[in-house]
Amino acid sequence: GGGWTSYDWLDLPGRMRLAEYVETRGGGVIFSMFRCGWAARSGIRPIFPEIAQAYNKSNGPGIIVSDQTHPVMKGLPECFMTPYYDHAVMRMGPQGRILAVDTNGDVAIACGESGKGRVVFLGPWIGLNAEGRAAYPLPPHDERLLLNSLEWARAVHGGKGEGAGDISDQ
């Protein structure tokens with residue numbers, strides 16, 4: 001948590017464990033909003049820049065699906081509005097795949113594989129209402145996007161993520 005100006009993020013050992021979990025053990029990870037890239041203005045480097053990294057935010061809620069064939073985007077309309085007005089925008093790495101852009105044409109949702117695992121970058125806030133408060137139940141597009149992301153991230157290389165285990169397993 002903490003938002004744009006917070007430095008509350010994984011320390012180096014935590015970041016290294018997360019990378020190892022994905023790359024070596026085939027784990028799946030989902031980042032949302034500010035955790036998609038450099039942690040606020042702290043200078044902490046992104047964990048998977050070969051896929052994508054957030055570099056800024058945009059204050060428009062419009063999302064345009066650019067890859068309707070990808071499982072993360074399954075069941076979502078071609079264009080939709082997020083409940084909360086802002087979202088992170090990404091720079092793509094060579095192993096990344098653009099799934100959706102915002103109304104400015106900036107990348108808003110991306111994914112890719114790193115080593116044996118998968119990573120999803122959701123630029124929009126997931127689970128916030130228009131006032132910036134926790135939404136329950138989740139707004140329909142947020143729920144679909146989150147469930148699709150979970151399913152895709154765990155289905156590593158056609159399997160069910162066998163062997164990935166818990167990130168705390170050593």
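Biologist: Why is Ser149 called buried?

Modeller: In this predicted model, Ser149 has a relative accessible area of 0%. Buried means under 20% relative accessible area, exposed over 50% and partly exposed in between, with a 1.4 Å probe and protein chains only. Ser149 is therefore buried.

Biologist: Where is Ser149 placed, and which residues is Ser149 in contact with?

Modeller: Ser149 is in helix α2, residues 140-154. Helices (H or I, at least four residues) and strands (E, at least two) are DSSP runs, numbered from the N terminus. With neighbours within four places in sequence left aside, Ser149 is in contact with Ile30, Val72, Val120 and Leu122. Contact means heavy atoms within 4.5 Å.

Biologist: What rules apply to the numbering and the values?

Modeller: Residues are numbered from 1 along each chain as its sequence is written. As the model is predicted, local features need pLDDT of at least 70 and side-chain atom pairs count only at pLDDT 80 or more, while totals for chains, interfaces and linings use all residues; side-chain values use heavy atoms, with hydrogens and water left out.

Biologist: What makes β8 mostly covered?

Modeller: Of its 6 residues, 6 are buried. Gly117, Val119 and Phe121 are buried on one side of β8, and Arg118, Val120 and Leu122 on the other. Both faces of β8 are covered.

Biologist: How do you know that β7 and β8 pair?

Modeller: Two strands pair if DSSP finds at least two bridges between them. β7 and β8 have 6 bridges, in the antiparallel sense. Glu113 has Arg118 in β8 as its bridge partner. The hairpin of β7 and β8 has 2 residues between the strands, and Gly115 in this hairpin takes a positive phi near 60°.

Biologist: In which sense do β1 and β8 pair?

Modeller: They pair in the parallel sense, over 5 bridges. Ser32 stands opposite Leu122 in β8.

Biologist: What makes a set of residues a nonpolar core?

Modeller: The set consists of buried Ala, Val, Leu, Ile, Met, Phe, Trp, Tyr and Cys residues, joined through side-chain atoms within 4.5 Å. The largest nonpolar core has 18 residues, and Phe31, Phe48, Val119 and Phe121 have the most contacts inside it. Elements giving two or more residues to this core include α1 (12-23), β1 (28-32) and β8 (117-122). The most comes from α1, with 4 residues. Another core, of 16 residues, lies apart from it, with Val65, Met73, Ala108 and Val120 among them.
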